[in-house]
Amino acid sequence: MFPAVQALGQQMADKIFYLTSKTITRTVAEDTYAILRDNGLHMRTVTLTAKDKICPLEERNCNPVACPYAKGHFDRINDAVYDIITSQMVIGRDNVMEYANRHNVCPFEMSLDVSYWCDGIICDYNYVFDPDASLKRYFGNGAKGDYVFLVDEAHNLVDRAREMYSAVLKKEDFLAAKKLVKEMDKRLAGALDRCNKQLLEYKRQCDTFMVVSGLGTFPASLERVMGLMQKFMERHKGEPVTNELLEFFFAVRHFLNMYDCADEKYVYYNEHDNDGNFLVHLYCVDPSGNISERLSQGRSTVFFSATLLPVNYFKEMLSGDVSERAVYAHSSFEPDNKRIVVATDVTSRYTRRNAREYAKVHDYIMHMISGRSGRYMVFFPSYSYMESVLECFRWENGVNVVECGGEDTFLPESCVNVLVQGRFMKEADKENFLSAFYEELPEGASLAGFCVLGGIFSEGIDLKDESLIGAVIVGTGIPMVCRERNILRDYFDEFGKNGYSYAYVIPGMNKVLQAAGRVIRTDTDKGVIALLDDRFMTGEYERMYPREWNRIFPVSLGNAYKCIKDFWTEQDM
């Protein structure tokens, strides 16, 4: 970040956009700015919070009739902005809410206006890259500025961008929209009916799933629907029918916008979903062109992450130019402070998912914990896999399974406490889960947090020192086989790439590296990383090991405990 701040000071840049993929990682940016301020930096920053999360109403409704903050907002906003920017250098959710309440204005819109007066803007990827959610005041109509983009955890941007620049329409939505407007606007109803008939023809040609070369005249028919719908919604502004059509309107607009920029990096396909609906997809398989177009609206961009490996893959997916400069920053952590063990007699392959393999995973976890009591995280390939292994623990003496959010507490005297990530955790549940790793454990007791690989606890959390001394990673993180992943595989195969690696292996290994990175957070941290899958010993995976993994310890159930125990014995010497 410091070079970007220097660029501001030398008037080579106007603003720094620090872009994050998850709310929890924004604290990294805020903490970094705090360190710089402690060393003399004079710079105002604002952290943007999503509209739904910062809205003070129980249910967001931006209509001035329903929202007292929206009614008269523009009469009061200038005083509100002036008040906060003359009083605060660090502007986040809490003080935005405070000043918005003081002046009775919309906190979300206020934070956007405040950003004009800030040198640093901390926000989600969406505010720069998403064609529907990007900040129009900075990027609308192709506007450019002297902006520096700092993209944190940039490995996440590939899949996020694919999602942002893809689009889907559902045939059944056209029929529903037609029913809503047929008595109010016959021309719009007719245009919707024409689109529905075209989609019906595509549906007849598609058995369950079909990649198509194009969409024929359907986009032209959709353009007419869009034009008529805009006029209809303007005429019936504020009426219930408009609210009912709003989601469909946005879907049509997004589809047309993506169709306008679709090129050879897109795949068109049609499918019947599990609910019996017929869907038409514009799938952005390679988002590099769209990302680069947005980055061209700024002056400079730095992508950074601890897991941009293999680097040429990320250069292709993020910028499309493998000649872009890349820097591999050597780790400042002592290599001997960690031990990486790879189990050679267990796998998470679907064909080997059975009670015997689950029991092996259980035994490896117990070997890890037996090596030294403390706090551990165990990452599983799915919730169902986690539940299968958890059954092995529920019946074992000396194990206390604690469902996150439940009333159970840690048990003492050499007990293993297992804390389980829930499927639908609220923000408070996440905080409680993490806080358990800072609580004092009874002497000899251990804590094992059971999590899902690639989930909310496998990256962006910072458990330092004794709060985490080991991680067990079950499986290679390969995404679930699905149509879109297979489309990616086939697309890159056609271009002479290793399609399976691009669609499955690399994204999976990235999740593994992120989870492994939870263990060593400072130069005094010590811990063990256990990779439970024999595929980690194949050349395909070994080539993706970071340089810091300079020594790997292959183990089996027979010698895993000794290997782990030896590490801790060496650390105590």
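Ala4 counts as buried, at 7% relative accessibility. Here, buried means under 20% relative accessible area, exposed means over 50%, and partly exposed covers what lies in between, with a 1.4 Å probe and protein chains only. Ala4 has its place in helix α1. Helices (H or I, at least four residues) and strands (E, at least two) are DSSP runs, numbered from the N terminus.

Which residues does Ala4 contact, leaving aside its neighbours within four places in sequence? They are Ile16, Val148 and Leu150, where contact means heavy atoms within 4.5 Å. Ala4 and Phe149 are 145 residues apart along the chain, and their C-alpha atoms are separated by 8.9 Å.

## What you are looking at

This is a predicted model, in which local features need pLDDT of at least 70 and side-chain atom pairs count only at pLDDT 80 or more, while totals for chains, interfaces and linings use all residues. Residues are numbered from 1 along each chain as its sequence is written, and side-chain values use heavy atoms, with hydrogens and water left out.

Let us move on to a strand. How many residues of β11 (residues 338-343) are buried? Six of its six residues are, and the strand is mostly covered. In a regular strand the side chains alternate between the two faces of the sheet. In β11 both faces are covered: Lys338, Ile340 and Val342 are buried on one side, and Arg339, Val341 and Ala343 are buried on the other.

β11 runs parallel to β17, and six bridges join them. Two strands pair if DSSP finds at least two bridges between them. β11 also pairs with strand β18 (residues 552-555) in the parallel sense, over four bridges. Ile340 is a handy residue to look for: Ile340 stands opposite Ile529 in β17 and opposite Ile552 in β18.

Rolling a probe the size of a water molecule over the atoms shows where empty space is left. This structure holds one cavity of 30 Å³ or more. On a 1 Å grid over the protein atoms alone, a cavity is a set of points where a 1.4 Å probe fits but cannot get out, and its lining residues have an atom within 4 Å of a point. Grid points are joined across faces, edges and corners, and a volume is the space filled by probe spheres set on the points. About 30 Å³ of space lies in the largest cavity.

Which residues line the largest cavity? They are Val341, Tyr364, Met368, Val472, Ala530, Leu532, Ala560 and Ile564. The elements α16 (355-371), β17 (527-532) and α22 (560-572) each give two or more residues to this lining. The lining divides into eight nonpolar residues, no polar and no charged ones. In this count Ala, Val, Leu, Ile, Met, Phe, Trp, Tyr, Cys and Pro are nonpolar, Asp, Glu, Lys and Arg are charged, and the others, Gly among them, are polar.

Helix α9 (residues 157-164) is largely enclosed by the rest of the structure, because six of its eight residues are buried. The buried residues are Leu157, Val158, Arg160, Ala161, Arg162 and Met164.

His281 sits in strand β9 (residues 278-284) and is buried, with a relative accessible area of 10%. The side chains of His281 and Glu271 are joined by a polar contact of 2.9 Å. A polar contact is a pair of N or O atoms within 3.5 Å; within protein, one must be able to donate a hydrogen and the other to accept it, and residues adjacent in sequence count only if both atoms are side-chain atoms. Leaving aside neighbours within four places in sequence, the residues in contact with His281 include Ala167, Val168, Tyr269 and Glu484.

## Backbone details in the loops

Is Gln11 buried or exposed? Gln11 is exposed, with a relative accessible area of 72%, and has its place in the loop between α1 (2-9) and β1 (15-20). The phi of Gln11 is near 60°, a positive value in a residue other than glycine. Asn141 has a positive phi too, near 55°. Asn141 lies in the loop between α8 (136-139) and β5 (147-151) and is exposed, at a relative accessible area of 89%.

Finally, look for Pro310 in the loop between β10 (300-303) and α15 (311-318). A cis peptide bond joins Leu309 and Pro310, with omega about -5°.

Technical notes: On a 1 Å grid over the protein atoms alone, a cavity is a set of points where a 1.4 Å probe fits but cannot get out, and a pocket is an open set with protein on both sides within 12 Å along at least five of seven lines; lining residues have an atom within 4 Å of a point.
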